[in-house]
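Please read them beside the coordinates.

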Amino acid sequence: MSAVPPAEHSVASHRIAGSLREEILHGALRPGERLRQEDIAERFGASRLPVREALRILESDGLVTLVANTGAWVAKLSLAECSELYRIRERLEPLLLAESIPGLPGGAVDRLEELATSMEHTPDIETFLRLDREFHLLSFSAANTALLGDIVRRLWNTTQHYRRAFAQLVDVRANHAIHHEHHLLVDAIARGDLDEAERVQFGHIRRTRLELVRHPEIFQGDGAPL
């Protein structure tokens, strides 16, 4: 039997990684859940090689934890780890936003306003999370950085499950303070007020961190052997 060309392995690994990424981000695969290579290979009709590469891609995304000679798990955070990551986000995201704002085109600002309004009227939390992710990543999208953008996106991936938990705790659909902050961000971005945008972004993230710290039960349960 002839070997599978490397290019085909690469296509398969990215296809598998893309599917698993969506399942993790949308909560179908939960933090601490074991990812068995043989099960994934059977599910996608692939060999072990592209599955291993897919898991390495997801590890670099901050979504999977790989333990040598042991296995792979959906990334899971302790309360202390999550709090620390949110503190890092509180510092890095305002910086990234300030780098991005001068380069954002008018069309992006219009889209941010549309997203902020849509989040106020969304019927379910999953839709809110999808719109919220688009909103913030779009606000960062014009930053010309070598490392910062990738770091922030990885932090967003790693903390996605805990953003979902926060959204359920405070019922973000009816939380006027959160929607107000989104509109304040759009206004500051539209005016090019970097200081105000950074201030609102900092408080926006801090609100989530403080709420999560008040609910340690979110971080209990089975997890990966970290």
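1. Arginine 209 is buried, with a relative accessible area of 6%. Buried means under 20% relative accessible area, exposed over 50%, and partly exposed in between (1.4 Å probe, protein chains only). Glutamate 90 is also buried, at 1%. The two form a salt bridge, with the closest N and O atoms 2.5 Å apart. A salt bridge here is a side-chain nitrogen of Lys or Arg within 4 Å of a carboxyl oxygen of Asp or Glu.

2. The model is predicted: local features need pLDDT of at least 70, side-chain atom pairs count only at pLDDT 80 or more, and totals for chains, interfaces and linings use all residues. Residues are numbered from 1 along each chain as its sequence is written, and side-chain values use heavy atoms, with hydrogens and water left out.

3. Back to the pair of arginine 209 and glutamate 90. Helices are DSSP runs (H or I, at least four residues), numbered from the N terminus. Shared partners join Glu90, Arg91 and Arg209 into one network of salt bridges.

4. The whole structure has 17 salt bridges. One of them pairs glutamate 23 with arginine 43, the closest N and O atoms being 2.1 Å apart. Glutamate 23 is in helix H1 (residues 6-25) and arginine 43 in helix H2 (residues 37-44), 20 residues apart. Glutamate 23 is buried, at 18%.

5. Glutamate 53 and arginine 56 form a salt bridge at 3.0 Å between the closest N and O atoms. Both lie in helix H3 (residues 48-60), 3 residues apart, about one turn of the helix. Glutamate 53 is partly exposed, at 31%. Arginine 56 is partly exposed too, at 41%.

6. How many cavities of 30 Å³ or more does the structure hold? There are 2. A cavity is a set of points on a 1 Å grid over the protein atoms alone where a 1.4 Å probe fits but cannot get out; lining residues have an atom within 4 Å of a point. Volume is the space filled by probe spheres set on the points, which are joined across faces, edges and corners.

7. The largest cavity holds about 200 Å³. It has 19 lining residues; Asp132, Arg163, Phe166, His204 and Thr208 are the closest to its centre. H10 gives the most to this lining, with 5 residues.

Definitions and conventions: Helix = DSSP H or I, 4+ residues; strand = E, 2+ residues; numbered from the N terminus. 1 Å grid on protein atoms, 1.4 Å probe; cavity = no way out; pocket = protein on both sides within 12 Å on 5 of 7 lines; lining within 4 Å.
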